[in-house]
Structures are given as C-alpha cells and as structure tokens.
Amino acid sequence: MSNISNISNIFIKTENLCFSYDNDGEEKVPAIKNASIEIEAGSYVAVLGHNGSGKSTLAKLLNMILLPTSGKIYINGRDITDPEMSEDDMFEVRRQIGMVFQNPDNQLVATVVEEDVAFGPENLGVPPEVIRERVAEALETVGMTAYARHAPHRLSGGQKQRVAIAGIIAMRPECIIFDESTAMLDPVGRKEVLQTIGRLNREAGITVLNITHYMDEAVLADRVIVINDGEIYMDGTPVEVFSQVDKLREAGLEVPQSTELLFRLNALGYEFAPGILTTDDCVAAILAKLSRTE
Ligand code: ADP
Ligand code: MG
C-alpha cells in the first residue's frame with residue numbers, strides 16, 4: 001500500500017476523481033468529474049448539491065460501493081484505488097466509513113432493536129460479549145437504550161434512523177456519511193438525528209459528511225462542499241459559501257432564509273454584513289441597525 005504523506009490528519013483525500021455509470025452501451029455520462037478534495041479527520045462537512053449532481057455517487061465511491069473510472073482515493077493515507085486491494089481491505093474501508101441512507105425502513109433488518117444494532121459487528125466476527133457491550137454503548141449514544149427490546153417497525157422515523165446510526169456506531173467507524181438521512185423525517189425526527197450527528201462528531205470525534213438538501217443543516221457544519229454537475233463547485237466555511245448567494249442560485253440552490261432576507265434588504269440599499277446564517281444572528285443584526293437609526 002502506498003502512503004500519501006505524513007500529514008496524518010487528512011482522513012479522506014481524492015485526486016482527480018472521475019466516475020461514469022455504464023449506460024448499457026449508450027454514451028457514458030460522467031457523474032463525478034475531476035473531483036479533488038481533502039477532508040480532515042474529526043471534521044464535520046456538509047455536502048450540498050441539487051438532485052442528480054453526484055452527491056450519492058461520491059459517497060459510494062468513498063466507501064467502495066463503486067470503483068472510480070479514474071483518479072485516486074486515499075482513506076487514512078491508504079490508496080483504496082490500488083488494484084492490489086484485497087476483499088478484506090475493502091471490508092475494512094466499509095467498516096471505517098459507515099453510511100446512513102435516506103429511508104430508515106430499508107436499513108433495519110431484525111425484529112428487535114438490539115439485534116438490529118448487533119448485526120454489523122456480528123458480521124465483522126466480533127465476539128458476543130464484546131457485541132453486547134458495543135450494542136449497549138451505541139444505543140446509549142443515540143438515546144435509544146429504553147427501546148432496546150422494541151420492534152423497529154413500531155418506532156418513529158427519527159427513532160428508526162437513530163437505531164440505524166447505532167448499528168453503524170457499533171462497528172466503530174472513523175467516519176460516517178449521512179446521505180440525506182433526515183430527508184424523510186418529520187421536524188422532530190430531523191432534530192433528533194441532527195443532534196445525534198453533532199454529538200457523534202463533537203464527543204466521539206467521528207468525521208461526518210452530511211449530504212443534505214437543507215441549508216439550515218449545512219450551516220451546522222465546519223465546512224460546506226457544493227457539488228454541481230459532478231464537479232466540486234464551492235468549498236469553504238458556511239459563511240464563505242452562503243455569502244455567495246448568486247453563485248449558489250446558479251447551481252440551483254437556495255440559501256438559508258436569514259441570509260436570503262438580509263440579501264434582499266441589501267439589494268434595497270441596506271448594508272448588512274454578508275454571511276449571516278442563523279435566525280438569531282439575523283435578529284441581532286436587524287436590532288443593531290434599528291438601534292443605530294433611532
Ligand atoms: P445526487 O445524489 O446528487 O442526487 P447521484 O449521485 O445519485 O446524484 O447521480 C448523479 C448522476 O448519475 C445523475 O445524472 C444520475 O442520473 C446518474 N446516476 C445515478 N445512479 C445511476 C445508475 N445506477 N445508473 C446510471 N446513472 C446513474
Ligand atoms: Mg443522492
């Protein structure tokens with residue numbers, strides 16, 4: 001295995017990554033074009049992009065569900081595009097990078113919550129007494145201990161998604177990719193899952209990639225990567241990305257409502273600083289301006 005560098009804090013690195021789906025003999029349509037990104041271990045990254053922009057394809061390349069057409073991917077310094085990668089190496093990558101998908105119903109396989117959470121580590125050959133500990137710990141982390149013996153299909157969407165997350169945590173991943181994992185949830189479920197994601201990042205140090213449609217979710221990240229038609233279109237802090245309202249619109253994306261409001265007020269001649277992202281900051285900025293004009 002080749003080693004990229006001694007900068008060990010880069011957990012994911014891609015170099016000129018390209019992927020095209022095989023279209024049954026039709027002309028191949030590239031889904032990822034020349035994407036080069038570096039993601040630091042322990043960071044919380046939001047990935048934004050309109051439908052069909054290539055977000056899920058990128059996620060699947062990172063945990064080896066898909067193999068690149070060309071380009072390189074390094075996980076923890078290891079070249080996972082190396083043809084010498086064995087099947088065991090591939091399973092190790094999938095353990096290191098867990099994926100949580102959109103539909104919670106498709107991710108739960110057992111009839112009892114704790115069995116569901118045990119499923120991943122069982123497949124990894126973890127000894128039963130260790131599995132028990134890991135299941136208890138994972139359920140605790142997602143706040144679902146009280147439901148250990150419940151039937152998953154009776155749970156709310158947010159609870160199901162948290163059980164799915166527990167199943168991933170029980171495999172001790174270093175990174176979790178959430179592929180629109182809150183999209184099918186009601187507001188309460190979304191909040192539960194988002195709080196869980198935040199805790200996993202802050203308290204367990206898990207690297208998070210949150211692929212989302214919701215701007216208010218992207219604002220919570222340390223960094224926002226925007227994908228547009230398979231290309232890395234923007235990459236920066238939430239303030240850097242969301243202050244470029246026109247550029248986001250060109251990629252078919254909205255901005256957070258607070259940012260939109262102040263952008264429109266600025267168009268009318270007000271001078272609010274760019275990059276105000278949350279309702280609280282928006283209220284504070286407006287109040288500050290009002291008190292100055294009194
Ligand atoms: P996103 O997750 O951002 O909505 P995807 O990664 O799913 O985007 O899709 C990127 C592009 O690849 C789209 O044009 C989509 O139609 C195409 N695509 C996705 N999955 C397949 C597939 N299994 N076969 C062929 N084309 C696909
Ligand atoms: Mg997708």
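How far does a polar side-chain atom of Thr57 lie from an oxygen atom of ligand 1? The distance is 2.5 Å. That is a polar contact, meaning a pair of N or O atoms within 3.5 Å; within protein, one must be able to donate a hydrogen and the other to accept it, and residues adjacent in sequence count only if both atoms are side-chain atoms.

Some ground rules. This is a predicted model: local features need pLDDT of at least 70, side-chain atom pairs count only at pLDDT 80 or more, and totals for chains, interfaces and linings use all residues. Residues are numbered from 1 along each chain as its sequence is written, chains are lettered from A and ligands numbered from 1 in written order, and side-chain values use heavy atoms, with hydrogens and water left out.

Back to ligand 1. Its surroundings include Tyr21, Asn23, Ala31 and His50. Asn51, Gly52, Ser53, Gly54, Lys55, Ser56 and Thr57 also surround ligand 1. Here, near means that a heavy atom of the residue lies within 4 Å of the molecule. Lys55 places a polar side-chain atom 2.8 Å from a ligand oxygen. Gly52 uses a polar backbone atom, 2.7 Å from an oxygen of ligand 1.

Next, the domains. Bounds come from an automatic or database domain assignment. Domain 1 is 10-109 + 152-163 + 174-253, and domain 2 is 256-294. The contact takes 9 residues from domain 1 and 8 residues from domain 2, counting heavy atoms within 4.5 Å. The C-alpha centres of the two domains lie 31 Å apart.

How much area is buried between domain 1 and domain 2? About 710 Å², with carbon and sulfur atoms giving 78%. Buried area is the accessible area (1.4 Å probe) that two parts lose on being put together, summed over both.

Between these domains the count is 1 salt bridge. A salt bridge puts a side-chain nitrogen of Lys or Arg within 4 Å of a carboxyl oxygen of Asp or Glu. Glu260 and Arg249 form a salt bridge at 2.9 Å, N to O. Helix 8 (238-242) and helix 9 (245-250) each supply at least two residues of the domain 1 side that touches domain 2. Helices (H or I, at least four residues) and strands (E, at least two) are DSSP runs, numbered from the N terminus.

Last, backbone angles. Most residues other than glycine have a negative phi. Asn34 has a positive phi, near 50°, and sits in strand 2 (residues 29-40). Glu180 is also positive, near 55°. Glu180 lies in the loop between strand 7 (175-179) and helix 6 (187-204).
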